[in-house]
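Here's a quick briefing to read with the model open beside you. Have a look first, then work through the notes.

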Amino acid sequence: MPTRIPLLSVQSLRKSYGNLRVLDDISFTVAPGETVCLLGPSGSGKSTLLRCINWLERPDSGRILIDSQPIGVTSGGVVMNDQQLAQVRTRIGMVFQQLALWPHLTVLQNVMEAPVHVQRRPRDDVRAEAEALLTRVGLFDKRDVFPARLSGGQKQRVGIARALAMKPALMLFDEPTSALDPELVGEVLAVMRDLAAEGMTMLVVTHEMAFAREAAHRVVFMDHGVVVETGSPEAFFNAPSTERGRQFLQRFSNGRAALAA
Amino acid sequence: MMRDFATVWSERGLLFSGLGNTVLLSVLAGVAALLLGALLSMLLMSPKRMLLLPAKALVDLARCTPFLLFAYIVYYGLPSLGLQFDAWSAGLFALTAYHAAYMAEILRAAWAAQPRAPIEAGVAFGYSGLGLFRRIVLPPLALSSAPVLGNQLIQIIKDSAFLTIITLPELTHAVSSIQSRHFIPFAAFLTAVLLYWALCLVVEAGVAAVGRLAEARR
Amino acid sequence: MTHADVLSIFSGALTTLLLSIAGIALGLPFGLGLALARWAKVPLLNPVVAVYVSLLRATPLITLVLLIFFALPTAGVSVGPVTAGLIALVLNTAAFNCEVWRAALLDLPRDQIEAAQSVGMGRVLRFRRIVLPQVWRTALPGLINEMSQLVKLTPVLAVVGVVDITRAAVRIGAQTYEPLPPFLVALAIYIPIVYALVSVQRWVERRTVQREATA
């Protein structure tokens, strides 16, 4: 990767819940167009880290810069208010584990909602883009259906379209397929793979190792709130350089073997 | 019998004025109780004990108090403390204050039952403040709490009949007056019963309509 | 307020208590009967009960009491205030109880009844040994809620002249020109009674949750 100004810069992030250190001096960057997968066992702090990036959770200390602009605390050191946070958040797209579609709106309305009401873009333009996005994720024919009538995989594809409609600089994925039935996972990962290939800057927390292997430019392995290893997928999956990384992959492949047996 | 109903019909001016008062009183009290109840429910959800405990005590107190007694106290009792109400104000105040407590509990429970994820998504997408409330929080909350709120409105309509004892000229007061002057108790009170029933059916139809909206989205 | 005044309020309280108990005691089986008529879809009764329940749930108790108290005598049946009040209370509470029982009955899984049928149980036996023992538990919170509502409605009886708490308080207030103290005493009697019922209801609901959690 040629050196460029990073799109996302996380600097010395720390967060504790009482005595529990959830994030322990985390620093890393994501370059524009990079797809980075955050891997690690449950409780390693991956989701917390992701949610700190758009300030859904507040870190205790550290800095986060999106395109060189801070989030959460202004450059002057003042904590941002709701409106300032809202401003920055429109540049970050998020896809949730619990899907989180708005139940009172149809699929198309879900995708159009924030661009029209938060970004205040003209409705007709947004509609055209929304329909294009739904076509791209394969759900154009469901545009007038309410989310309750969709399968988990369909809902999550709408969730991705909804996030993309905001034209974000950075996409965050918080275990997007963990809550889905196994047979529905593939359709969501396919959309994410295409997105990565098209050059979207993505930070993905996931347990889907095959996806990380194929679609990520870099993987970051976390354990107990610390970045243990980072590197290319080939490097990490074939020859992890740390003992903890080895153990994690061991457990994972044992689990797979047990399932296959 | 038919003659009795004809007599009632001849007094339709008084009858409809009573009905009008009942409807007006119920709608005003309903809206006011809902707004007041919404504010009160925020206290019920407050993490600060200093706000939560008095609010909870107030709501529990209202739940254990007979409305008729409360109306008596507001109209006949408060003047001795220097607070004089006329019948209309006393009635409206009593209905509103009493039912605000019930509304608060209803709204608190409805809010607690709402899934948090879609609201968090709203925050993540850049909604905040009034916009978040109006477009993301309120619609699903309104759809889910409509049946219970409708029930509460029916309660308000029925409680408004108690206000006849403080000489408020609502529906029951009107038919009492008609029956006492013409000695047609059955026709007069039956008319009132049928009119209350009609009001109730209107509210239930409204709730059913909202229910269909909710069902499509469920 | 004199000593005698407080005494008369308490005597009124006794009347209130007795009427409440009578109303509840009569309303429970009556409500169950109505619910069964609807649940078993008894041909003529089913729609009649449906209309009755809808009507009675929409009618304010005060209007109903006035109707019964003033209209029955014109049909030749002379009723005193206590009787009229009791009839109104029972008619009213039975309608609400009916809905509580009905919800509980509908909640009973069909296979419970089918299992009883398959071992040859007749209707009455089925009801007595299979349906009722399960259904009363489901219905209990709603029934207790209705009891507390009934107690809160008893002041209505004062309007037709029953000398209950409310009427005693009103009379004292009119005599002493200080209406507030007797009303507050009346309130102080009602609130603990209703609060006790509400607490019992909450306790039953908690117990039900516990039982279902361990089931």
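What follows covers chain A as a whole, its sheet and helices, and one leucine in chain C.

This is a predicted model, where local features need pLDDT of at least 70, side-chain atom pairs count only at pLDDT 80 or more, and totals for chains, interfaces and linings use all residues. Residues are numbered from 1 along each chain as its sequence is written, chains are lettered from A and ligands numbered from 1 in the order in which they are written, and side-chain values use heavy atoms, with hydrogens and water left out.

**Chain A overall**

- Chain A has nine helices and 10 strands (DSSP runs numbered from the N terminus: H or I of at least four residues for helices, E of at least two for strands).
- With a radius of gyration of 19 Å, close to the 18 Å that the globule rule gives for 261 residues, chain A is as compact as a globular protein of that length (taken over C-alpha atoms; the rule is 2.2 Å times the number of residues to the power 0.38).
- Along the principal axes, the C-alpha atoms of chain A fill a box of roughly 55 × 55 × 40 Å.
- Some 53% of the 261 residues in chain A count as buried (under 20% relative accessible area; exposed is over 50% and partly exposed in between, with a 1.4 Å probe and protein chains only).

**The sheet in chain A**

- Six strands of chain A make an open, mixed sheet, ordered β6-β7-β8-β3-β9-β10 (two strands pair if DSSP finds at least two bridges between them).
- At the edges sit β6 (92-95) and β10 (226-231) of chain A, each pairing on one side only.
- From one strand to the next, the twist averages 20° (axes are lines fitted to C-alpha atoms, for helices over the stretch in contact, and angles run from 0 to 180 degrees between N-to-C directions).
- In chain A, β7 (residues 170-174) and β8 (residues 202-205) pair in the parallel sense over four bridges, and A:D174 has A:V205 as its bridge partner in β8(A).

**Helices on the sheet**

- Helix α6 (residues 182-197) of chain A packs on the sheet and touches β3, β7 and β8 of chain A (contact means heavy atoms within 4.5 Å); its direction makes about 150° with that of β8(A).
- Helix α1 (residues 46-53) of chain A lies across β3 (35-39), β6, β7, β8 and β9 (218-223) of chain A, at about 145° to β7(A).

**Leucine 36 of chain C**

- C:L36 lies in helix α1 (residues 3-39) of chain C and is partly exposed, at 23% relative accessible area.
- Leaving out residues up to four places away in sequence, C:L36 touches C:K41, C:L105 and C:F127.
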